[in-house]
Amino acid sequence: MLQPSTLKFLKSLKQHNNKVWFDEHREQYLAAKADFESMVQQLIDGMARQDATLAGLQLKDCVFRIYKDVRFSKDKTPYKINMAASFQAGGKKSTLAGYYFHLEPGGNSFAGGGLWMPAAPELKKVRQEIDYNFDEFERIIANKGFIKHFGKVEGDALKTVPQGYQSDNPAIAYLKLKSLIVSHPVSDDACVQPSLVREILKTFALMQPMIAFINRAMD
């Protein structure tokens with residue numbers, strides 16, 4: 001579970017997203033950071049047992065910095081108003097599909113994962129895998145537990161049919177996707193319950209067959 005003080009810090013940061021306030025509240029930030037990282041370490045330990053490809057992941061491989069890169073952004077506020085961690089073989093900079101937890105108070109927290117905006121060569125491989133093995137992919141995403149928890153696979157989609165495919169391809173809705181992601185909301189109340197890590201691990205387990213399918217394409 002996470003401490004209520006961690007959510008409180010992020011709520012306050014949203015209202016006071018500037019360096020002066022952040023420096024004055026650095027102790028609260030460090031406490032929130034330590035709390036979040038403790039929870040993430042529990043997820044790393046749990047995921048290593050669920051998904052053998054994640055064995056050996058370290059905390060530094062998973063947790064994102066709170067400091068924003070504002071060089072190319074119109075929004076010049078210096079800090080993210082969330083804490084997040086990504087879990088995939090090779091760490092958060094890996095091109096492989098993986099799992100993700102996003103903590104953002106105000107009803108914006110979620111557990112999810114998939115493949116986010118891959119480069120063209122990787123996306124081409126995934127599309128080919130879906131095309132060749134659509135029956136298998138469809139069984140994964142049509143699983144009752146999968147649908148109940150996530151709804152459907154989402155992502156920005158091409159307006160036209162990708163090169164090499166026909167519009168009547170039974171998998172065309174997925175072949176047009178530029179990302180393949182799923183997510184499940186996590187309420188603020190759920191974030192401070194002792195069952196948090198257990199519930200996130202259940203969510204990750206439900207998406208594991210999809211993650212394995214996608215990563216197989218890129219092996």
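Helix 3 and helix 10 are oblique to each other, because their axes cross at roughly 40°. Oblique is what remains once angles under 35 degrees are called roughly parallel, over 145 roughly antiparallel, and 65 to 115 roughly perpendicular. The two axes come within 10 Å. Axes here are lines fitted to C-alpha atoms, for helices over the stretch in contact, with angles from 0 to 180 degrees between N-to-C directions. On the helix 3 side the contact includes Met-39, Leu-43 and Met-47, and on the helix 10 side it includes Val-197, Leu-201 and Phe-204. Contact means heavy atoms within 4.5 Å.

A word on the source. This is a predicted model, in which local features need pLDDT of at least 70 and side-chain atom pairs count only at pLDDT 80 or more, whereas totals for chains, interfaces and linings use all residues. Residues are numbered from 1 along each chain as its sequence is written, and side-chain values use heavy atoms, with hydrogens and water left out.

Helix 10, residues 196–218, also pairs with helix 6, residues 134–141. Helices are DSSP runs of H or I with at least four residues, strands are runs of E with at least two, and both are numbered from the N terminus. The axes of helix 6 and helix 10 come within 9 Å and cross at roughly 155°, so these two helices are roughly antiparallel. Their crossing is left-handed. Glu-136, Phe-137 and Ile-140 of helix 6 meet Pro-209, Met-210, Phe-213 and Arg-216 of helix 10.

Two of those residues come up again with Ile-130, which is in helix 5, residues 120–132. Is Ile-130 buried or exposed? Ile-130 counts as buried, because its relative accessibility is 1%; the cut-offs are under 20% relative accessible area for buried, over 50% for exposed and partly exposed in between, with a 1.4 Å probe and protein chains only. Beyond its neighbours within four places in sequence, Ile-130 is in contact with Phe-137, Ala-171, Tyr-174, Leu-175, Leu-180 and Phe-213.

Last, helix 1. Thr-6, Leu-7, Phe-9, Leu-10 and Leu-13 are buried there. They lie on the same side of helix 1, because they cover an arc of only 155° around the axis, taken from the directions from the helix axis to the C-beta atoms. Pro-4, Lys-8 and Gln-15 are exposed on the other side. The buried residues of helix 1 pack against several elements, among them helix 3 and strand 2.

Methods:
Left-handed = near helix turned anticlockwise from the far one by under 90°.
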